Amino acid sequence: MLHTRHIPSPSGRKRTLLLLIWFLFSASLAAQNPLSWRKAAWHSAAIDYDQTAQMAVDGDPSTAWVSPVGDHHWIYVDLGAVFHIHSIRILWRENYAVDYILQTDSTQGGRPGNWRTEQHIAAGKGGLETYQLETRARYVRLLINKTSGSRGVKLAELEVFGEKKAEMTSLQNEQPVRENHYSLTGKGWQIERCAAVADDGTMVSKPSYTTNGWLPAKVPTTSFAAFVAGGAVPDPVYADDQLQASEAYFNDDFWYRKTFWLPEAFDGKRVWVHFQGINWKAAVFFNGNFLGDIQGAFVRKQFDITPFLSEERDNCLAVLIRMNDHPGQATEQHLGDPDPNGGIIGRDSPTYVSAIGWNWMPTVRGRNTGITDEVFLTAVDRIQLSDPQLQATMVGRDTTRAEITLGIDLANPGSEPVSGILKARSSYFSIEKILTLEAKEQRRVVLNKREFSGLMINHPKLWWPNGYGAQQLDSLHFEFEVDGRISDSLSIVYGIRQLSYQVQNGNLCLLVNGFPIIVRGGNWGLPELLLRCDDDCYDLLVRYHRDMNLNMIRNWVGQTASDAFYEACDRYGLLIWDDFWLANPVDGPDPDDENTFLVNAADKIKRWRNHPSVALWVGRNEGFPTPRLDAALRKLVNDLDPSRYYIPNSAESPVTGLGPYENMSPEWYFEHRGSTFHSEQGIVAFPSLESLRAMMPDSLLWPVNDMWGMHDWTQDRVKIYTDDINRTLGVPSTIHDFIRKAQWINMERSKAMIESWQMNRGSGVLVWMTHPAWPSLICQTYDYFREPTAAYFGIKKGSEPLHVFLNPLNHSVQLSNNRLYTLLNHRVVARYYKLTGELLWQHQKVVSLPSNSVAEIVSLPNELRIEKAGYLQLELHDANEKKVSSNFYPMSASEADQLLFASMPEVIPTIKARAEKQLDGLLITIELHNASQHIAHLLRLMPKESGTEQRLLPAFWSDQYFSLTPGESKTVRISIENFEGDQVDLVVSGWNTPSDKIQLTVENNSR
C-alpha cells in the first residue's frame, strides 16, 4: 500500500523555503543514498537541450527537467539493476503534474516495456511529494496525464530509495614497471563536475581529500563518456538518446583525480608525470601543489613531481579539465535538415572540432573534453631522453642500400655536469657515443654515417604499402648509461622505406621505394563519437581497411590522436594522409591562439614522424590556413620532418577534392574521375537490417521518418540515393526490400568509383567515408556495429592489385596490374549470361601485362550491348590456372530494363558448411554450388549466435554480396574473433535467394 506525504508547490519567496525544507529532509535520508542518483534517465521531450531528464536525477534541486508545453509527457529512470524499492520522493517546481501515474518495470536488459501501475495520483498538489511502497523494479516512471498550467512541468528531483546491493571494493591494481615506465592509465580514477567541487586544486590533490559522490572513471576517457560508462546518462548512440543528456551540464569544467603508490623501483630517482593528450586545456596538481597548465588537445606535456613526492608513498594527481571557450550551440538533425557542419568551436582549435556536430555525426555533449590519452610516470637517474627520430634515405636508384640518420633529445635537469654513453641499437647496427651534458643543459644529438659507418645498411628489409609488398618493421632502442647504470631508455618501432613525391600535370603522385602508388583509401573523421576506441579497436578497424585492399587512411582534420592508430597503420600497410586541425573555413573560423596551435603542431610532427605509414602533412581541409599558420606549418615540416610533403589545402592543386558526395553512376565515374589525387569522393552506403535495428526501435524502421534524420538521413545525397533505387530497381515496399536494393547500389557504385582510378591511372582517391563515428545511415563501408556493407566488398573488389573489370563507357573488358612485377601468361575469361541464365557469349585470352599498367582485353560484341538485361562474369587465372580475380556486373540496355532484375527466378544454392574453433576465434568454411539454370545474385552469409538474432561480429569474409552463375561453385571463408560456444547459425540470403538458416556444430580443433 502506498502512503503519500505532500508539501505545497512554491511561488516567489516560498521557493527558498522549499529548498531549505528539501535539504533538511534530504539530510535525514542521506544515509539511504538514492538508488536513482546519477542514473540514466529518459524523457518524452524537453523544452531545450539543457533542462533534460538528467537534471531530475542529479541531486541538485536548483536544476530541473522541463517538459514542453502540453500534457502527456513522461520521465523514467534506469536504476541499473532490479532493487527492492521502499519509497519515492518527487520535488516539483512551479509547474507540476496534477494527474499522473507512478509506474515501475522489472525488465532486465534492453528497454522497459512492461510497465505496471503502482499508483494513480489524480489530484497532485506539487511541491515535495513522498510515496512509500514495497516493490521490486529496475525502472521507475512518471506518466503525466495533466499539468497544472499551460507550460508543461518542472521536475527538480525524482528520487528512488531502497535496499542497495553491497558494492564490491578492491585494492588498487598495481601496474608493472616496464623499463622506466609506470602507467596510470586505466581504472582507479574519479571524476566530478567542477560546479560540484567547492575546493581548489591544492586541496583536491591532497591524498586525504574526501571525494564522496564522485563517479569512478577509467582513463583515457572524456567527461561525458565517463558518465555514460558509469550509468549516469544514456549512451547517445541509440535512437535519439543524445537528447537525454543535458548540454549545459557537460559544458563545464571537470575534475579528474587518482591516488596511487609510487613503485619502489622509482625510489631515489627523478620522477616525471606524462600526459599524452587532454582536451581542451588543463591545470595539473600533485599532492597539494600546482604543477602547471596544458594548452591544446594534441600536445604532450610532462611535469617533474620529484620535489612533491610523499614519503608515505601515498600520492594524488588531480587534473582540472577546462571546457572550450567556444563550444557553440548543440544541433539536431532532421529529415531534410542536417543543420550546419562545425561552427564557432574552430576558434578553440586545436581541439576536437567535429564534436560540435557534422552531417555525419551529432553534437557531443561536453565536446569530448577530458583526459583523452595515456597518463604515465617515468623515472630518470641522471639524463632524460626524448623525441627520438630515425630517417632512412635510399642511396642510388635502387633500394639495395639505405643511409640511416638518428636524432634524439637529451636533458640534464640536475645541477652538475653528467658524462655517460649514449647507445643506439637495432637489428642492423649497434653504436655508442660518449657525451657530457652541463648542468641544466638540453641538447639535440644527431648520429649519422659520417661518424658511424654502421648506419649505412646494405639490402634493408623494406616497408611497403598494402598490396605492394610486406610491412617489414624493426625496433630501435636508445639508452643513456652513467657509471654502468642505465639513466634512461626508450624504444620505437620503425620501417625503412623511401617516400618521394612528383607533381605531374598538376597532380601529386606518391612513390614508395621508387615505385608509383595508386592510392585507394578512405577518410576517417573521428575514431568514435565519445573517443571510446582502444588499442584492439584501432587494430580491428585498420585491418578492415587492409581487407578492403586499401592502402591509405586520411586522418581528417587530425581528429585521431592515438599511438595505437599509427602503429596499426604501420603493421598493416596503410599510408596516412595526416591533417592538422583546421576545418573548411565555411565550417568554422580560424583559431584564436595561433601560438598554441603551432606548439601542438610541432609536437604532433615529432610524435608521429617515425611511423613509416605517415605520408603527407596537410594544413587545412578544403581551404588554406591563415598566411602565418601556413608559413609556420611549412617551416615546421621542413625543420622537423623534411622527408615528408606538405600540402596547404586538401582540395587544391596538386590534389583535388570536394566530392561529389552522392553515389554517381558507373558511367559518370569513368568519365569524370580517376585521373587526379582526389581527397573526398563520397558514398552513402546504407547498413543492414540488423544494424538498423541496433540503432533505433522496430516501430521506427519503416517508412522513412525523422529517426532516420537523427542518424544522418538528411541531405540531398540521400534523396538522390533513394531516387536511384526507385528509378532503377523499383520503389521499395518494405524495409527489407529497401535494404536489399540499397546493397545493390552500395556494391555497384562504390566498385565503379574505385575502378575508374584503375582505368584512368590517376594517383589516388580517398572515399568519403570508410569509417563511421557512430550509428549512421551514410558515409561508411562498414557500420558502427562492425558489419561490412556491400560497399565494403565493392571497394574490396575494385581495389584488387590485380583486377579484371568493365569500362562502362565503351563496354570493354580491362585488366590492371598494380603489382611490382610484370604479369606473365594470365588468362582472362569473360562470359555473358542472359537474365534467364543462358550463356550467350564467352571469350578468353592469355595476356602478359607490365607492372603499373592497364590494358584492354576485349570489347563486348554489339549484340550484347542491346540485350535488355543480362549478367557479365569476369575471371583472371594465373599461369597455374589459379583464379586470382573475379568480378560481375548486372547489365541492362537502359535504366528501365534494369527493372527486369526484380523478376529474377528464385535460386537456392546447395551449401556445405563447416565451423572450426581456432586459437583466435572461429573459422566457418562454406562451399556453395548453384545447380540451377539461373543466376543467384548478391548472396549474403551472416553467422549468428545459435538460436538468436545476435550477429557474430567482428568478422572477416573472403567474399560477401557475391553471385553464382549456373553450375558455378564457390568457397567462402568467414573468420570470427572472440567466439565462445558449441553451435552457430549461418543465415544465407540474397537478391533472389530466400533467407534460410543452417545450424552448425563447432568442431574444436584448437586443442
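Author: We can start with helix 6. Its buried residues are Ala-564, Phe-565, Tyr-566, Ala-568, Cys-569, Asp-570 and Tyr-572. Keep in mind that this is a predicted model.

Reader: How many of the 10 residues of helix 6 are buried?

Author: Seven of the 10 residues in helix 6, which runs over 563-572, are buried, and the helix is mostly covered. A residue counts as buried when its relative accessible area is under 20%.

Reader: Why do residues three or four places apart point the same way in an α-helix?

Author: An α-helix has 3.6 residues a turn, so residues spaced by three or four places point the same way.

Reader: Which elements do the buried residues of helix 6 pack against?

Author: The partners are both strands and helices. The strands are strand 33 (519-524), strand 34 (552-555), strand 35 (575-579) and strand 36 (614-620). The helices are helix 5 (535-547) and helix 7 (594-608).

Reader: Are Arg-38 and Ala-239 buried or exposed?

Author: Arg-38 counts as buried because its relative accessibility is 7%. Ala-239 is buried too, with a relative accessible area of 4%.

Reader: What about a lysine? Is Lys-741 buried or exposed?

Author: Look at the number, then at the surroundings. Lys-741 has 5% relative accessibility, so it counts as buried. This residue lies in helix 13 (residues 735-760). The Lys-741 side chain reaches the backbone oxygen of Gly-730 at 3.2 Å. Setting aside neighbours within four places in sequence, the contacts of Lys-741 are Ile-725, Leu-729, Gly-730, Val-731, Pro-732 and Trp-991.

Reader: Where are the peptide bonds that are cis?

Author: Read the omega angle of each bond. The bond from Asn-279 to Trp-280 is cis, with omega near 15°. Trp-280 lies in the loop between strand 15 (278-279) and strand 16 (281-286). Another cis bond runs from Ser-653 to Pro-654, with omega near 20°. Pro-654 belongs to the loop between strand 37 (645-649) and helix 9 (666-672).

Reader: How do I read the chain as a whole?

Author: Begin with the elements: the protein chain has 16 helices and 54 strands. Then take its extent. The C-alpha atoms fill a box of roughly 90 × 80 × 60 Å along the principal axes. A compact globule of 1007 residues would have a radius of gyration near 30 Å, so the 31 Å of the protein chain agrees with that.

Reader: What share of the 1007 residues counts as buried, and what share of contacts joins residues at least 24 apart?

Author: The buried share is 62%. For contacts between residues at least 6 apart in sequence, 73% join residues at least 24 apart.

Reader: And the surface and the charges?

Author: The protein chain exposes about 38,000 Å², and carbon and sulfur atoms supply 49% of it. There are 97 positive and 118 negative charges, and their mean positions are 1 Å apart.

Terms used. Residues are numbered from 1 along each chain as its sequence is written. This is a predicted model: local features need pLDDT of at least 70, side-chain atom pairs count only at pLDDT 80 or more; totals for chains, interfaces and linings use all residues. Side-chain values use heavy atoms; hydrogens and water are left out. Helices (H or I, at least four residues) and strands (E, at least two) are DSSP runs, numbered from the N terminus. The radius of gyration is taken over C-alpha atoms; the globule rule is 2.2 Å times the number of residues to the power 0.38. Buried means under 20% relative accessible area, exposed over 50%, partly exposed in between (1.4 Å probe, protein chains only). Contact means heavy atoms within 4.5 Å. Accessible areas come from the Shrake-Rupley method with a 1.4 Å probe; for residues, only the protein chains shown count as cover. Lys and Arg count as positive and Asp and Glu as negative; His and the chain ends are not counted. The place of a charge is taken as NZ of Lys, CZ of Arg, CG of Asp or CD of Glu. A polar contact is a pair of N or O atoms within 3.5 Å; within protein, one must be able to donate a hydrogen and the other to accept it, and residues adjacent in sequence count only if both atoms are side-chain atoms.
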